[in-house]
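Let's take a friendly walk through this model, looking at one helix and at a few charged side chains. Please keep the 3D view open as you read.

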Amino acid sequence: MANGQTAEIYGIAAATGQRIDPAYPVSSLADVDAACRAADAAFDVYRATDAETRAAFLEEIAVEIERLGDSLIERAATESGLPVARITGERGRTIGQLRLFAAVVRDGRWREIRIDPAMPDRQPLPRPDLRLRMVPLGPVAVFGASNFPLAFSTAGGDTAAALAAGCSVVVKGHPAHPGTDAMIAGAIGRAVSTCGLPAGVFGHVRGPGNELGSALVAHPLIAAVGFTGSRGGGLALMRLAQERPVPIPVYAEMSSINPVVLMPAALAARGADLGRAFVASLTMGAGQFCTNPGLVVAVASDGLDAFEAAAAAALAAHAPQPMLTAGIRDAYARGTAALAGNAAVTQLATGLAGDGIASENARLFATDADAFLADRALGEEVFGASSLVVRCRDAEQVRAVLAGLEGQLTATIHLDQADHDAARPLISVLERRAGRVLANGWPTGVEVAHAMVHGGPFPATSDGRSTSVGTLAIDRFLRPVCYQDLPADLLPPELTDEAGGPRLVDGHPA
């Protein structure tokens with residue numbers, strides 16, 4: 001326990017609530033301190049590694065995760081309640097992003113090398129020799145996520161990006177899947193040993209409650225935080241980080257309802273098809289995606305009626321899967337009950353009832369734009385398979401609804417060619433509200449790629465300039481350092497005139 005007394009934590013099967021052996025020891029505050037000190041002691045050694053050493057380490061983690069085989073899949077599926085096929089795909093994504101960051105490290109562009117050679121004869125004043133590179137921030141605290149026990153947890157995107165940047169990492173495993181976390185932590189530890197790196201490059205602590213996480217963020221040796229979870233949790237960590245004697249950045253992915261705009265021509269042509277496809281996205285993974293389509297906005301029309309009817313029929317036939325934890329199920333039940341109890345809201349459909357301890361049926365609601373604009377609570381996230389259709393009088397009211405939204409991870413627009421002129425001004429509204437704008441698709445599903453942005457204006461994330469998915473995620477754990485007139489034999493190797501690799505010299509690619 002955090003107070004130093006011995007305690008244990010068990011995994012819980014999401015579908016049944018039954019305890020899963022074995023027990024795992026709960027970390028103490030002393031364990032947190034030791035992990036942070038080890039991470040700090042390892043940092044300077046690790047950040048000095050060359051690109052090949054660091055890339056090979058990331059690839060070795062991927063190999064070690066693969067070696068865990070079916071036992072990892074079975075444990076993660078049991079603890080999360082997510083289907084085996086989903087967990088298998090998530091393992092592939094986890095391994096893939098580790099290997100992608102290995103390629104990024106080898107490529108070298110992340111260093112942002114810039115050289116402005118000295119101009120001693122420049123008038124009226126000479127220019128000094130200026131050379132810039134990006135350096136790692138320091139030890140990073142990463143919080144495992146409940147809804148992605150692999151891809152956003154112990155060896156997930158935050159960990160991969162921080163390690164790629166040259167930062168040591170201390171992970172707080174999510175208490176909902178301690179067995180999964182222990183297996184992955186063991187895999188990373190073996191990779192550390194195989195690659196001959198200091199043990200403190202990776203640390204892992206576990207336990208329920210908030211005390212351990214608070215201690216981790218408050219620890220003076222931690223330089224940045226990666227978090228995926230609730231708005232309340234993210235805001236609490238942000239406050240802790242800002243109250244430190246030396247504040248640090250918290251990259252928190254928190255809350256998003258991911259609006260979907262249905263344009264008139266698209267609705268008229270394929271309203272029913274859109275309704276069925278929408279439900280498939282809404283109910284995927286019991287709706288427990290941060291990109292779940294929790295809001296639909298459209299002008300009232302026959303096409304919207306067809307969309308609602310098809311969506312309601314598809315939802316009514318949907319059998320639920322267990323939610324991740326009983327706590328998440330209870331929060332979902334409270335959120336949907338609040339919508340159902342709102343006099344301005346109509347319940348269009350509910351899914352089939354589940355019989356699992358953490359099961360809850362899907363819900364679809366509707367309201368009009370006047371009510372939505374008057375009640376900010378209608379725009380709050382309900383984490384799970386719940387969505388609200390907002391019926392608008394006209395295109396101006398659609399724009400007003402979108403303009404009044406909080407920051408979002410995604411915004412989607414379904415349109416046909418005849419909708420393009422009307423959609424053009426909406427795109428500029430959506431890009432002010434979201435980190436990713438989609439056309440004729442669904443927001444669930446985030447490609448791990450160079451151009452991906454999984455972030456957005458607050459409260460989707462704590463820093464809308466960043467992303468937690470894609471190769472740009474490495475930038476969160478780097479900072480620029482300029483070296484002025486430093487003697488050549490004291491320069492970092494990549495900044496010397498003889499060094500290769502991508503760079504700008506006097507602002508031009510060299």
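Helices here are DSSP runs of H or I with at least four residues, numbered from the N terminus. Keep in mind that the model is predicted.

With that in hand, find Asp-181, which lies in helix α6, residues 178-194. This side chain is buried yet has no salt bridge, and the nearest side chain of opposite charge, Arg-206, is 6.8 Å away. Among the residues that Asp-181 touches are Ser-153, Thr-154, His-174 and His-204.

Now move to helix α1, residues 29-47, which spans 26 Å from its first C-alpha to its last, close to the expected 27 Å. The helix α1 bends by about 30° at Ala-41. Its buried residues include Val-32, Ala-35, Phe-43 and Tyr-46, and the buried residues of α1 pack against elements including α2, α5 and β7.

Glu-90 is buried, with a relative accessible area of 3%.

Finally, Arg-190 forms a salt bridge with Glu-64, at 3.1 Å between the closest N and O atoms. This pair links distant parts of the chain, α6 and α2, 126 residues apart. Both belong to a network of salt bridges that also includes Glu-60 and Arg-67.

Technical notes. Residues are numbered from 1 along each chain as its sequence is written. This is a predicted model: local features need pLDDT of at least 70, side-chain atom pairs count only at pLDDT 80 or more; totals for chains, interfaces and linings use all residues. Side-chain values use heavy atoms; hydrogens and water are left out. Helices (H or I, at least four residues) and strands (E, at least two) are DSSP runs, numbered from the N terminus. Buried means under 20% relative accessible area, exposed over 50%, partly exposed in between (1.4 Å probe, protein chains only). Lys and Arg count as positive and Asp and Glu as negative; His and the chain ends are not counted. A salt bridge is a side-chain nitrogen of Lys or Arg within 4 Å of a carboxyl oxygen of Asp or Glu. Contact means heavy atoms within 4.5 Å. The expected span of a helix is 1.5 Å times one less than its number of residues. The bend at a residue is the angle between axes fitted to the seven residues ending there and the seven starting there. Lists of a residue's contacts leave out its neighbours within four places in sequence.
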